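Biologist: Hi! Could you walk me through this model? I'd like to start with the helices.

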Amino acid sequence: MKKNLLNKYSLFAQDTFVQPQSKMIGIKKAASNPILHYIIFGVIIMVVLYMAVQLKVLPYSWYGGIIYTAAYSISSIGFCLLMGYSGLASLGTGGFIGIGCYAVYYVTALSGLPFIVSVIAAIVIAAVIGVIVGFISLRIESIYLVILTLGLSEILRNIYMSLSDSINIGTIKIFGSALKTADVMYVIIPVLIIIMIITHNIIVSPTGRAMLAMKNSTAAAQAMGISLLKYRLMAFIICTIYAAISGSMLILRSGAATASSGTSFYALITSLNILAAVIIGGYKSIWGAVFGTFVMYGLNSTILQSIPFFTENPALITIISGVLVIVVVMFYPGGLAQLLQNLKFTFAKWKKKIREDKYGKDIG
Amino acid sequence: MAKILANILPSPANKLALKRKELHWIVSELDSLEEVTSKREQEEIAKIKFSLNKRLNKAAFDACDKNEYVQELIYNKLLSYDVKNYMNHRALNHGLIKKIFKAKRENKPIDALIAEHDKKYDELKIKRAKYVDKLEQEKQRFLAKYTTTSSQDYENLKKELMLEFEQKADGIKKELAAKMQKTRAQLEQKAAKVKEEMAELKKQVPDAATLPDDVLLQVKGLKMYFGGLKAVDDLTFDVKKGEIFGLIGPNGAGKTTVFNCITRFYNATGGDMYFENRQGEVVDLRSFKVHDVILQGISRTFQNVELVKEISVLDNLLVACTREYRSGFWAHLIGLPMVKKEENILKLKAMRILKFMGIEAYANWYAMGLPYGILKKVEIARALMLDSRLIIMDEPAAGLNDTETADLAQTIKRIRDEFNATILLVEHDMKLVMGICDTVCAISFGQMLAIGTPQEVQANQAVQQAYLGAMEE
Amino acid sequence: MGYFLDTLIDSSMPMCVTALVTMAITLIFKTSFTTNFAQGVISAFGAYVASTLFAKMGMPVFVAVPISVIASMTIAVLVDVVLFRKGRYVNAIGKQIITMGLISVIVSVIPLIFTDLSYQAINFISGNFTFYVGDYNVTFSKNALVGIIITVIVLVLLFVLLRYSKWGLSVRATASNEYVAGMMGVNTHVVTAVSWGIAGALGALAACLNSAGNAEIGVYFMTEYQVTAFLAGIVGGFATFHGPVIIALCIPLMTNLISWFGNGVISSITGDMQLGASIANWSTTIIYVIALIIIFFKPNGLFGKKVEKKV
């Protein structure tokens, strides 16, 4: 029975008032909630990891690749907030990651306090360092700030080397039971998802808008009552805290690290990789940051290694990731997030073209 | 930050600032109360209408003229079929044209193509005829199935439901009105309480100076030196309440420097600036940081449009309200519903202002691709968001054409009248300045040349000299 | 005294290397407005070329080094001409990222080209000068002497060119405003490309010197100097050419002096070898902290000028 047929007989003509949303639209609206997307994403990742570790459907190397991606992603998201929203840049990520590693080592592995205490300790120390860098950022800008944070990171690395060059956390206990390597995902993935949701909230809130205003024009932002000091400090504190959390997660997975080695978590190469990840993914998108990190840290052990050609020539993997970085920067400054958008646009254009070809040009 | 500071250092001035914020929200909530209520009422009534319609549906079907009903049903079905069929025809025709062109290029006969097309065309025709037949059969079946019409039930039910609707709608209206009254009373009570507390606190915070009743901003002996360069030297003027005050002068006269001193972008070398803020207290502007000036009730626009390009026009307006939120960083981080509520109130206000500026159609557009004239308007709208007493406009007509400038003049006057704002502007377009300003102040090399009505200033010899160059005696 | 003299002589080679790398970084920063993160690996590539020609094919060192210089130069020019200029939307930070991407490419390409090369360092002249100060045996390697001579000649030549030649004028014009320089008839493309070439050449030279001085070679062996050069650049202020180079000379010297102060002075006064050694360990950190403090109070560098911002 069609409703509009009865319009003449109904109590009120149905086009005179806004019809309440039907149930179907309600579900659609709930499904478009971005926070739900993050949660679904987390569940999917968990399932994939479960398949790799417990069911052994997927190769075991996927586990390491995805876990490292997840842990580094936390840093990338913080960096995304710093660069894409506050317009600041830093190359200190490596040093900040070390805070988390050493906090876990000293507080949990040596002193035997619970893991959560070490994470809180890492957050506190990171906040202090964030305040320092934030104050510096008021005086120094752009490329100078980048090099300065690089120097700070080197200082931190020197401190780590003097404290204890190589650390080994052994087995960590969480909720009274020892954490096996295969169970690390139950800690890292939820933390990543929470970080993603929190960051999303910040981005869409007045705080995120204030940061964007500050990035766009400091003068206009100040005239609108936005304190540069407050928001720069905030951006740096968030970035360093995220990096420290990411460090705690990384050490949880790897178990050991050596500060003096050129490829350790706190080396310059980590900072550069995180920067590259954010650029590749698109520096204004959380999904982009995660995806960029996957390209830098996860692509190798998940997909490329299962292709025989690359297993025979491992050097090509690094070359390809380098070339990818260069090509993305040269042709897609908005990163892969922009590429995706371009693809959507191209798809729509093709669709229109096909229609025009079939029905004639004036179809619109 | 302000909250934490106020808690650590509970000085009367800080307490006053917090109270001010509270009062501002109460007033905003009061402003938007009616709008929110009417929106809610519409929604509720729509819900009732929908459910009542649903209840009537069955009786209505029994009562309706079945012939008419089935006629309409079939008409609709045929219409949707024809829409599809139209596309098929188009595809057929377009295909034929393409084939003919191809054949002509290759010098092939086209008769066969036309014949094929005609065949396909006939096929489509036959198909449609078959569909019409099918619908006719359906109609017959329907009429055979439903033969009776009984309108008795329907009429009774309709009356009953209509009555019910009126009752319910009245109930809802009354309920909402009562609720609104209650909230209003509560808010007014709160406002009165806050005002009382503020009055108490105000006694502890003496005014920085006393200003004449009709003066809003007093600039006394303002000096701004950059090294040896005297950009502004001993400038004194008063801006009266509710006037449009124009600052003119040749390039490099120091007009923008004066603005930057008032809005604290530059720390003036010497001189005093007193301002009667939103709460009617006289404050010394030199005691504020640059990002605190806006809270006193001074907002400004820029020479070049300084909007955030990556967010929508509406969001750009909300940026101006960053300091107004009561929810702090942690509330934003968790995404509390309180943030949404505050944002909704502000959005209503922003929409009102956009409507006032005549650009509400662009509310959800990104600021990036909009034309310059619109962006200028958005910037003025942003300055209006905070109910500022003094709006400082830095060359509002720069880059606009003649029509837009004339429009701008009207807008500035309307802002003055409807927002009770005083306007201080720097402008090179003399037609605009002389047309709308109540008082004009001409400066050159940081020093005052003349002040007065536009006519007086125009007639002044020193001003003419400054603009046209010194005359040879 | 002998130990002090030894420290000074020991720091001569790092000073030369850092000064050359800093000059290269500054030149690129002034013409391309970006920091070249790939400077270290481009230099390392040059060192590998020299090492192959010298140690494996037995060419004389004064033939091998110029060839390596040309190799590095070519790569550097290609970076500018192919990558920077062909990119559609490349800005300063984009250029930085490109050089970072280049790191991973060159780092993986080097082992592919130079397959069996394990630590065969370059050697200009073997042998040492040895003399006694008191009873302390001071050694001064002939390599260091060659290094100092080459560095002084190259730097003096460059400064003279920058100050008095037409190319130097174009570089300075491009550095002050690329767009305006282009309008005034300076071919900024050529200026940038030549600057990149010189930077690559300086890098290769520095890498060869480093290899000879420390008897080592590796893919990342120039990275440390590169980081120091960045720091020297901002402490000295990128506004001038001499500022960064002066600071670059100071940093290795200061680092070694702090170690000398720890190991030599503190240890002999307190008799506590542990304390002295630990001070020596912290020398790099102390230098960095000093540098950061200087930058905090003089954001434009020691030799830079303050620029007033207009609102």
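Modeller: Happy to! In chain A, the axes of helix 2 (residues 34–53) and helix 7 (residues 185–204) come within 10 Å and cross at roughly 165°. Helices here are DSSP runs of H or I with at least four residues, and strands are E runs of at least two, numbered from the N terminus. Axes are lines fitted to C-alpha atoms over the stretch in contact, with angles from 0 to 180 degrees between N-to-C directions.

Biologist: What should I bear in mind about the source?

Modeller: This is a predicted model: local features need pLDDT of at least 70, side-chain atom pairs count only at pLDDT 80 or more, and totals for chains, interfaces and linings use all residues. Residues are numbered from 1 along each chain as its sequence is written, with chains lettered from A and ligands numbered from 1 in the order in which they are written.

Biologist: Thanks. How are helix 2 and helix 7 of chain A oriented to each other?

Modeller: Angles over 145 degrees count as roughly antiparallel, so helix 2 and helix 7 of chain A are roughly antiparallel to each other.

Biologist: And strand 3 of chain B, buried or exposed?

Modeller: Strand 3 of chain B (residues 244–248) is mostly covered, with five of its five residues buried. Buried takes 20 or more other C-beta atoms within 10 Å of the residue's own, placed from the backbone; 12 or fewer is exposed, in between partly exposed.

Biologist: Which way do they point?

Modeller: Ile244(B), Gly246(B) and Ile248(B) point one way, Phe245(B) and Leu247(B) the other.

Biologist: What does strand 3 of chain B pair with in strand 8 of chain B, and in which sense?

Modeller: Strand 3 and strand 8 (residues 422–426) of chain B pair in the parallel sense over four bridges; pairing takes at least two DSSP bridges. Leu247(B) has Val426(B) as its bridge partner there.

Terms used. Angles under 35 degrees count as roughly parallel, over 145 as roughly antiparallel, 65 to 115 as roughly perpendicular and the rest as oblique.
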